[in-house]
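This report describes a single protein chain through its secondary structure, sheets, core and selected residues. The sequence and the structure are shown first.

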Amino acid sequence: MKKTLYCLILFLICILSACGNTDESYSNDYVSNVTTASTSVSTTVTTEHIHKWAEADCLSPKTCLDCGKTEGKKGGHTWQEATCTKPKTCTVCGKTKGKALGHKWKKATCTKPKTCSVCGTTKGDALGHKWEKATCLSPKKCSVCGKAKGEKAEHKIGYGGSCVYCGQKMITDDKSLEEYLNNKYSEGVTTPLGDVKNLSITVYKGTTNYESYDYCIKIDDALTIIEYNYEYSREYTQSQKNETANILKNYVKNMADDVISIFPDKKVTGGFYYSYYKYPHIKEGYTSNYNLTWTNYELDSLGYVPREYNENIYPSGFRWASKLDEIEW
Ligand SMILES: [Zn+2]
Ligand SMILES: [Zn+2]
Ligand SMILES: [Zn+2]
Ligand SMILES: [Zn+2]
Ligand SMILES: [Zn+2]
């Protein structure tokens with residue numbers, strides 16, 4: 001009986017052990033199946049990848065941002081032509097090529113500054129007009145562009161008594177000569193021995209046989225003090241006196257030359273002159289005072305200005321006629 005029980009126990013152990021083995025084998029098969037299924041799912045996702053395209057640009061074709069796949073060609077630069085200040089430039093990427101063209105400058109004018117003929121850029125200021133004085137022929141005028149402004153001017157009397165602009169003879173008689181001389185010479189001169197200023201000049205027309213001239217030009221005497229200083233003063237040096245004589249002589253000579261040029265065919269005499277009566281209330285003691293007397297015609301045999309008209313004597317150039325002068329300057 002004891003032996004039978006032992007056998008039974010042994011049998012049971014055997015069965016139990018076999019049971020354990022079966023369990024283990026089933027478990028292994030299950031894991032294997034699950035692994036196979038998982039691999040198949042992963043393959044399906046790869047097939048469905050959607051590209052994220054970046055558009056083609058100057059340097060790259062259309063490209064996927066994720067996988068780097070490309071498609072088509074690169075775009076190339078979109079060039080904008082060079083200008084005065086910018087080189088040829090790609091409007092897309094900003095790349096440049098070559099140099100800016102530089103401005104094509106047109107010179108400044110009276111009214112416009114230096115300007116680029118292509119883009120209109122300006123530099124500096126307009127030059128401004130260069131005005132030339134108005135004349136009797138034309139108003140004030142720009143010497144560069146010719147623009148005129150304002151009114152014409154009066155005639156301007158030049159040497160010889162004609163208008164320096166239009167040539168018209170402006171001084172034709174004693175009256176116009178007198179006006180001209182007073183305008184030009186009445187201011188007078190300054191000398192080391194005193195001023196000879198605000199002079200009045202009178203033109204006389206010779207009309208009788210007792211006047212040897214056609215015109216006589218008298219400068220009212222303003223030399224009284226200077227005459228006195230010249231002859232008697234010890235306050236002035238001889239060189240101051242000499243300088244005074246020269247200034248006065250030049251003043252008279254310039255006026256004489258001017259008159260001679262205006263009336264080359266007229267016999268003319270002139271100088272500083274005044275006259276007075278010593279006893280004015282009875283008109284007695286008539287006195288004349290001459291200084292720096294001149295003529296443009298022959299003097300008489302004694303060296304005086306002739307007393308009578310002589311139609312055979314012609315104008316023959318300036319000379320002093322100092323025989324009657326108060327002072328030998
Ligand atoms: Zn992609
Ligand atoms: Zn570009
Ligand atoms: Zn320009
Ligand atoms: Zn101008
Ligand atoms: Zn004129």
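The sections below proceed from the whole chain to its sheets, its core and a few individual residues.

## Model and confidence

The structure is a predicted model. The average pLDDT of the chain is 88, and 86% of the residues reach a score of at least 70. Over residues 10-38, however, the pLDDT is below 50. Beyond near neighbours in sequence, that stretch has zero contacts in the model.

## Overall composition

Four helices and 19 strands make up the secondary structure of the chain. The chain has 329 residues, of which 15% count as buried. Among contacts between residues at least 6 apart in sequence, 38% join residues at least 24 apart.

## The five-stranded sheet

Five strands form an open sheet in the order β15-β16-β17-β18-β19, and their pairing is mixed. The pairing of β15 with β16 (residues 215-220) is antiparallel and comprises five bridges. Within this pairing, Lys205 has Tyr215 of β16 as its bridge partner.

Two helices pack on this sheet. Helix α2 (residues 174-185) touches β15 and β16, and the direction of α2 makes about 160° with that of β15. Helix α4 touches β16, β17 (268-279) and β18 (284-295). The direction of α4 makes about 75° with that of β18.

## The nonpolar core

In soluble globular proteins, nonpolar side chains tend to be buried together. In this model the largest nonpolar core contains 29 residues. The residues with the most contacts inside this core are Leu177, Tyr215, Ile217, Val259 and Val268. At least two core residues come from each of α2, β15, β16, α3, α4, β17 and β18. The largest contribution is that of α4, which supplies five residues.

Tyr215 connects the description of the core with that of the sheet. As noted, Tyr215 is the partner of Lys205 in a bridge, and Tyr215 is also among the residues with the most contacts inside the core. Leaving out residues up to four places away in sequence, Tyr215 touches Asp174, Leu177, Val203, Lys205, Gly206, Phe263, Lys266 and Val268.

## Helix α3 and its surroundings

Helix α3 (residues 224-232) has Ile226, Asn229 and Tyr230 as buried residues. Viewed down the axis of α3, the buried residues fall within an arc of 100°, so they line one face of the helix. These buried residues pack against β13 (188-191), β14 (194-197) and α4 (238-262). The face of α3 turned away from the buried side carries Thr224, Glu231 and Tyr232, which are exposed.

Why does Thr224 count as exposed? Thr224 has 12 C-beta neighbours inside 10 Å, and a residue with 12 or fewer such neighbours is classed as exposed. Thr224 and Asn289 are 65 residues apart in sequence, while their C-alpha atoms are 9.8 Å apart in space.

Thr191 stands opposite Gly194 of β14.

## The three-stranded sheet

An open sheet of three strands has the order β10-β11-β12, with antiparallel pairing. Here β10 (131-132) and β12 (148-149) are the edge strands; each has a single partner strand, so one side of each is left without a neighbour in the sheet. Two bridges pair β11 (residues 140-142) with β12 in the antiparallel sense. Lys141 has Ala148 of β12 as its bridge partner.

## Thr63 in strand β2

Thr63 belongs to strand β2 (residues 62-64). Is Thr63 buried or exposed? Thr63 counts as buried because 20 C-beta neighbours lie inside 10 Å, and the threshold for a buried residue is 20 or more.

Apart from neighbours within four places in sequence, Thr63 is in contact with Ala54, Gly68 and Thr70. The C-alpha atoms of Thr63 and Trp53 are separated by 5.4 Å, with the two residues 10 apart along the chain.

Conventions. Residues are numbered from 1 along each chain as its sequence is written. Chains are lettered from A and ligands numbered from 1 in the order in which they are written. This is a predicted model: local features need pLDDT of at least 70, side-chain atom pairs count only at pLDDT 80 or more; totals for chains, interfaces and linings use all residues. The arc is that of the directions from the helix axis to the C-beta atoms. Two residues are in contact if their C-beta atoms, placed from the backbone, lie within 7 Å. Two strands pair if DSSP finds at least two bridges between them. Axes are lines fitted to C-alpha atoms, for helices over the stretch in contact, and angles run from 0 to 180 degrees between N-to-C directions. A nonpolar core is a set of buried Ala, Val, Leu, Ile, Met, Phe, Trp, Tyr and Cys residues joined through C-beta atoms within 7 Å. pLDDT is the predictor's confidence in each residue, from 0 to 100.
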